[in-house]
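This report looks at how the inside of one protein model is packed.

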Amino acid sequence: MSIVVTGATGHLGRLVIAALLAADVPAEGIAAAVRDKEKAADLAAHGIELRLADYDRPETLAGTFRVCDRVLLVSGSEVGRRVPQHTAVIEAARAAGVAQLAYTGVLGGPEADFQLAAEHQVTEQLILGSGLPYTFLRNGWYTENYTENLAPVLEHGAVVANAGEGRVASAARADYAAAAAAVLTGEGHLGKAYELSGDTAWSFAEYAAELTRQTGGTIAYREVPPAARLEILTGAGLPESLAEVLVDVDHAIERGLLARTTGDLARLTGRPTTPLADSVAEALKA
């Protein structure tokens, strides 16, 4: 039996593997399911087994999973293609007879009514229909969604969004990774759905104020209408389909759908979630 992490060379996948190692899971008990083994050479150098897993090529998944493996399905990053990709993984996991399939979905699960949630909801239904022992990790927003690209914010002195006074209970990716590791290594998690979010919800005005405090500059929150936000995002080079999803997420934030502070994340990790101020400080050091 191994703990198998799909998308293992992505941001979250790498952090999950790091969290497993930090939890004293031996490297030989971890398998990294990757599309390109060359990109995972550093993982192999630490003794982690590499298994080929291309979500878009179902035939590569035939040997990815083995009986009694515990598997983390990290959701695909390509919005609009996730359902067939996830279907291929679920079918391969069912054929192999894995002991657990944990899935990284979205906060709110079936009740989330924004565009980005739709593929996650279909995936959860597919997992339920498969009969596999499952755990749903319904992740809230990553703070890095905002802090990883601070250059335009600092250049223009503005945090721009169409989220009104809505709040975001975000957490660092490492927090979500630690929760996934806890679920993959612990007991009593089968058949459960965890609503994962940060301990404290913040507003965009508060985010701008934190940036101002830490940079010594003046950063304001500039609320714009959805159409203007869409124009800004497409003008920055984002495909219109992705820009529309992000505008819709801001509308969901305005309606309070990403502000839930359930405490599940801190309970799974056994520690408080990473404060916004710490994530901002880390990003500014980079």
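## Aromatic rings

The model is predicted. Counting rings of Phe, Tyr and Trp whose centres lie within 6.5 Å, there are eight aromatic pairs. One aromatic cluster is formed by Y146, W202, F204, Y207 and Y221.

## The largest nonpolar core

The largest nonpolar core contains 34 residues. Several elements each supply at least two residues of this core: the strands β1 (3-6), β2 (30-34) and β9 (192-196), and the helices α1 (11-22), α7 (173-185) and α11 (264-269). Helix α7 gives the largest share, seven residues.

Within this core, V16 and L72 are the residues with the most contacts. Leaving aside residues up to four places away in sequence, V16 touches V5, L72, A177, A180, A181 and L184.

## A second core

A separate core is made up of 27 residues. Among them are F114, A117, A163 and A252.

## Helix α12

Helix α12 spans residues 276-285, and L276, S279 and V280 are buried in it. Why do these residues lie on the same side of α12? They do so because they cover an arc of only 100 degrees around the axis.

The buried residues of α12 are covered by elements including α5 (144-147), β10 (202-203) and α8 (204-215).

Note on methods. Residues numbered from 1 in each chain as written. Predicted model: local features only at pLDDT ≥ 70, side-chain atom pairs only at ≥ 80, totals over all residues. Heavy atoms only, no water. Buried < 20%, exposed > 50% of the residue type's maximum accessible area, 1.4 Å probe, protein only. Helix = DSSP H or I, 4+ residues; strand = E, 2+ residues; numbered from the N terminus. Arc of directions from axis to C-beta. Contact = heavy atoms within 4.5 Å. Core = buried A, V, L, I, M, F, W, Y, C linked by side-chain atoms within 4.5 Å. Phe/Tyr/Trp six-rings, centres within 6.5 Å; stacked < 30°, edge-to-face > 60°.
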